[in-house]
Amino acid sequence: MIPSQNFEWSEANVVEKTNLGERLVGLRLCVPGWVTHTPGQYIDVRIKTQKGYNAVKQYSISSPPHDQSVELCVEIFENGEVSPILRDLNIGNKLDVRGPLGVHFVWDGSASEPVVAIAGGTGITPFVSMLRHYEHRALRQDFFLFASAQNQKKLPYISEIMSLAKKATAVTFVPVMTRDSTWDGPKGRIDAVLLRQILKLKNPLVYICGSTSFVEHVVDLVVKFGFSQNNIRTEFFI
Ligand SMILES: Cc1cc2nc3c(=O)[nH]c(=O)nc-3n(C[C@H](O)[C@H](O)[C@H](O)COP(=O)(O)OP(=O)(O)OC[C@H]3O[C@@H](n4cnc5c(N)ncnc54)[C@H](O)[C@@H]3O)c2cc1C
């Protein structure tokens with residue numbers, strides 16, 4: 001499966017803005033001529049910065065392929081070039097985008113192998129698209145999602161994925177909080193003990209997404225488990 005990409009810029013319209021947590025903004029875009037995407041793909045966003053030049057940044061798509069609009073989850077870095085500008089957009093504002101893009105970090109549900117998805121913070125975004133697609137198609141593969149954040153407010157979509165996992169018996173969602181005294185689930189960094197339940201899986205497709213340090217840490221763990229490196233895919237949110 002080679003996903004389609006579109007490298008032409010177009011002017012998208014912001015049609016919805018939501019609060020997805022602490023310093024997390026959801027933007028729904030209507031993109032003229034948008035056809036569909038494969039879960040895991042992202043779009044390029046081009047913004048004129050305060051200094052007057054254009055900056056291009058990538059944002060994973062959290063909406064599923066059957067959705068006609070494109071949903072993003074943006075983490076706001078106060079000293080960042082682009083994310084504060086995206087935070088300040090309102091319904092009706094326009095911005096230049098192109099996509100869908102990305103051919104490697106994708107999953108369309110056609111493979112029968114189990115999936116292990118491991119996310120740091122907003123790294124959950126492409127997996128939300130995958131799981132919404134999974135639910136829409138009533139898929140049956142084992143799908144494990146481990147998601148790490150400092151606390152529940154910093155993990156977007158946590159309630160939605162919890163209820164999806166309750167309904168879909170083959171979906172296991174393991175949120176892990178590093179600094180959350182109110183959390184009664186797993187705490188601390190993702191480690192080999194937490195991941196041991198995936199050792200029973202045969203040839204899983206492993207997807208890891210988040211900051212560079214998070215992805216490098218988790219890749220080390222997973223490689224030590226002996227899974228085929230051909231089945232390990234990474235997305236660095238840099
Ligand atoms: C394929 C891909 C998909 C992506 N998808 C998403 C997404 O769905 N949602 C999202 O919010 N971002 C995503 N990103 C990251 C996004 O493209 C920007 O890098 C991010 O929004 C920061 O941009 P900025 O211009 O606001 O900050 P910058 O001006 O680039 O950086 C500002 C400050 O924040 C720090 N910083 C930037 N990013 C991080 C980070 N991830 N962790 C820790 N510190 C950081 C920088 O070191 C710097 O100090 C993705 C990146 C890639 C490559």
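**Entry 1: P100 and its peptide bond**

I started at P100, which sits in strand 6 of this predicted model. G99 and P100 are joined by a cis peptide bond, with omega at about 5 degrees.

**Entry 2: D96, also on strand 6**

I moved to D96, another residue found in strand 6. Is D96 buried, exposed or partly exposed? I found 15 C-beta neighbours inside 10 Å, so D96 counts as partly exposed. I then listed the contacts of D96, leaving aside neighbours within four places in sequence. They are W9, E11 and R46. From D96 to D142 the C-alpha to C-alpha separation is 37 Å, and the two are 46 residues apart in sequence.

**Entry 3: the partner of strand 6 and the sheet**

I looked up how strand 6 (residues 94-101) is joined to strand 3 (residues 42-48). The two run antiparallel and 4 bridges join them.

Next I traced the whole sheet. In what order do the strands lie? I read 4-3-6-1-2-5, an open sheet of 6 strands with antiparallel pairing. As background, I noted that strands of a sheet pair through backbone hydrogen bonds. At the edges I found strand 4 (54-60) and strand 5 (70-75). Each has a single partner strand, so one side of each is left without a neighbour in the sheet.

**Entry 4: around the ligand**

I turned to the ligand and its shell. How many residues surround the ligand? I counted 20, and the closest are Q58, G80, E81, V82 and S83. Strand 4 and strand 5 each supply at least two residues of the shell. Strand 4 gives the most, with 4 residues. I sorted the shell by class and got 8 nonpolar, 8 polar and 4 charged residues. Domain 1 (10-101) and domain 2 (115-236) each provide at least three residues of this shell.

**Entry 5: the two domains**

I then checked the domains themselves. The domain assignment gives domain 1 (10-101) and domain 2 (115-236). Their C-alpha centres lie 23 Å apart. The contact between them takes 15 residues from domain 1 and 15 residues from domain 2. Which elements of domain 1 give two or more residues to the side that touches domain 2? I found strand 1 (10-21) and strand 5. The residues on that side of domain 1 divide into 7 nonpolar, 6 polar and 2 charged.

**Entry 6: two positive phi values**

Last, I looked at positive phi outside glycine. A138 has phi near 50 degrees. I placed A138 in the loop between helix 2 (125-136) and strand 8 (143-149). Its C-beta has 7 neighbours inside 10 Å, so A138 counts as exposed.

Y157 is the other entry, with phi near 70 degrees. I placed Y157 in the loop between strand 8 and helix 3 (158-167). Is Y157 buried or exposed? I found 23 C-beta neighbours inside 10 Å, so Y157 counts as buried. I filed the pair together: A138 is exposed, whereas Y157 is buried.

How values were computed. Residues numbered from 1 in each chain as written. Predicted model: local features only at pLDDT ≥ 70, side-chain atom pairs only at ≥ 80, totals over all residues. Pairing = 2+ DSSP bridges. Buried ≥ 20, exposed ≤ 12 C-beta atoms within 10 Å, placed from the backbone. Near = placed C-beta within 6 Å. Nonpolar A, V, L, I, M, F, W, Y, C, P; charged D, E, K, R; others polar. Domains from an automatic or database assignment. Contact = placed C-beta atoms within 7 Å.
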